Amino acid sequence: MADDDGMMLLNLDTASSGDFGPKTTKINGGKWKDRRRVKIQQKAAERGGQGSETLGNLPLKRSRTSDRGTPAKKAPKADSKGAKNGRNGGNINSEQYVSSLFTSNRDMVTSANSNAHDENSKVDPSNAPLLQDSFEALGVAAPLLQLLNNKMRISKPTRVQKLSIPTLLEAQNDVFVHAQTGSGKTLAFLLPILTRILALEERVDRQSGCFAMVITPTRELASQIYSVMLTLTQCCHYIVPCLLIGGERKKSEKARLRKGCNFIIGTPGRILDHIENTQVIKEQMASTMRYLVLDEGDKLMELGFEETITKIISFLHEVPIDTLKFPQLPHRITHTLCSATLKGGVTKLGNVTLKNYKLISSGRKEQEVSTVPDQLLQSIIVVPPKLRLVTLAAQLSNITAEHIAAENKETTRTIVFLSCSDSVEFHYDAFSYDDGKSRSLVGDSARMLSGNSTSLPCLSQVTAPSVVCYKLHGSLSQQTRTATLQSFSGETDATRGKHLIMFCTDVASRGLDLPRVSSVLELDPPFAVEDHLHRIGRTARAGVSGKSLLFLLPGEEEAYMDHIKPYHPKGWKLLKFDQDILKPAFMESNVLRSDRRSEKDVSTEWDNNATTWHLNVERRVLEDQTFKELAVKGFMSHIRAYATHLSQEKKYFNVKCLHLGHLAKSFALRERPKAMGAASSHNKNGEATAKKPKEDTRTKMLRLADIAMRQSQREFNY
Ligand SMILES: Nc1ncnc2c1ncn2[C@@H]1O[C@H](COP(=O)(O)OP(=O)(O)OP(=O)(O)O)[C@@H](O)[C@H]1O
């Protein structure tokens, strides 16, 4: 075939009827552009009542179609083999199939936005500082006031700080602080504890004992609270915090504990490890411990944290308190629980730790339902599975184009949430590979795109690199995780004024305070509605504006909108993936075929450009064995992760409703890896291996659920 693409693309489940779209005549053969033109002609002819046989002069083939939407055509074996030959693709059969992104997609069910955002109403930020109040009036110690003003540029308290600081200052009771994301809960519990220690008659130092312990579900959050603590203690150097987190050297933590500390901040596993194995920590805590803070309390009750927390708490309560020492402090350990969400786990945790607790809620009516910050502009987009990758590229491109056009060259940050680390690896590589020209910044977990990048359509004619991609997930080493976050949140010569894009799992969803994140994209749906609130809560913090975009699939997933409606009192925008996202991104872009870099290939039609962009990624999968493995692993893990959605949410996210063939396409795969997996019945030397006995469905489900569970726990390897 003259216009052989150098690759063969399979029509995956291109049903002509059934659940997946309207009945159309399937056309194969010839160039895909020509075929598309003919299809348009055909449609026009149908509308004009001329029948469907006006097919132009193309050598077209009709494919087999079935009534139930079964795959229309399979790739001939010879070509599949060619594709499996790895780098350079091997022998490519000259017969060509078309990978059409825009046909046979399931239609969206939702006809109207049931929770439309009112663009004309003025919205006041709900987590901003209150201008009429002051920290002084709340009783915060004078040295801290100065530090807040001068070092942290914080002068007015937020609503939750106004409510919780006086309560915690006089606290003999336990407290549950429930407030929106980004409302300043960290200072809400640190300031009163520090104020009470600063008010002691006796001057304390690191040898005086440990007064408070803060436990968090992730290492990143513990490190963040530790650094806020280091800033606050600049006004009282004699008060010393200590960080205990997994992934760090235990020996140096022990050495620090031996020197003495007044605050312990850490993750549950490592704290318990020291309690059980480091004698000095017991001495440190004996008799002085007065405050226990569980940040992100609901998360701490998941993922097997519960048992560890219970052990820590039992240990703390075994140590008798010497009330004669520091009599101004509470005479018992007071517990403080913080979270932006109220989940079953919190009540459970409450049963473990909180006694006669006081609920501090910054919500309007101390309502049960947690809501997103009012100023956050939420959008939702229903995208067919085949188009997920290209729509993500388009959205990232649109944000980048806005960033490039902005006059104030401020750093823009975007976070893309994915369901599992393998999917993060695939997307990171897909968007940062940049023809192998991208420059690594932090090991290989941050890459700066080069000029004239092919990764995003808007960059094809830009000569100066302006985008840096990051990846973050629980399977990376702690050093890499720390360095990646530092680079993403900091401002260095390499990153200043650029658009920083981080692909990550939920490990970054809890509590992380990354500066000026302007957009959060949830490409994969959250595992629970609480995760949705925490993910999008990385933007629109402390009164600043922010945007988030949730991707849903057509069909069952659309009903998820009704489920999250109570959490979005200010509504959302329902976007159209083609007109609102793809068209602006690809309309004026200069997307060239990766195998033929010539100007004559350039199309001015946005859908042609979108298809060419996608074909380029698919072509890379065929040519690059390493990338292909990333795609296959990403797809498989994504499906497994999808199967672990909460049972209450299975009606929206049911793995049985997924169109796996179409979804494979969003990992740039031309066929479902299940079929690819069949090839792996051969060992590395190409010899056939014995076929395993067929696993019964229940065992298979349990095995897959177990793998997925272990993968998600690895994300929070505390
Ligand atoms: N009174 C204040 N005025 C201005 N900024 C503040 C104030 N208090 C806190 N901040 C800033 O707001 C941001 C969010 O604070 P913090 O991380 O404590 O929020 P949070 O409520 O714990 O959020 P999350 O629920 O996501 O963990 C931080 O950058 C912090 O410095």
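User: What do "buried", "partly exposed" and "exposed" stand for here?

Analyst: Buried means under 20% relative accessible area, exposed means over 50%, and partly exposed is in between, with a 1.4 Å probe and protein chains only. Bear in mind that this is a predicted model, where local features need pLDDT of at least 70, side-chain atom pairs count only at pLDDT 80 or more, and totals for chains, interfaces and linings use all residues. Residues are numbered from 1 along each chain as its sequence is written, and side-chain values use heavy atoms, leaving out hydrogens and water.

User: Why is valine 390 called buried?

Analyst: Its relative accessibility is 0%, and the cut-off is under 20%, so valine 390 counts as buried.

User: What does valine 390 touch?

Analyst: Contact means heavy atoms within 4.5 Å. Leaving aside residues up to four places away in sequence, valine 390 touches Leu101, Leu582, Phe586, Ala610, Trp613 and His614.

User: What makes tyrosine 642 and phenylalanine 653 an edge-to-face pair?

Analyst: Rings of Phe, Tyr and Trp (its six-membered ring) pair if their centres lie within 6.5 Å; planes under 30 degrees apart are stacked, over 60 edge-to-face, the rest tilted. Tyrosine 642 and phenylalanine 653 are 6.1 Å centre to centre with 85° between the planes, so they pair, edge-to-face.

User: And why is tyrosine 642 called buried?

Analyst: Its relative accessible area is 4%, so against the under 20% cut-off tyrosine 642 is buried.

User: How do you know that arginine 620 sits over the ring of phenylalanine 627?

Analyst: The rule wants NZ of Lys or CZ of Arg within 6 Å of the ring centre and within 35 degrees of the ring normal. The charged end of arginine 620 is 3.7 Å from the centre of the phenylalanine 627 ring and sits over that ring.
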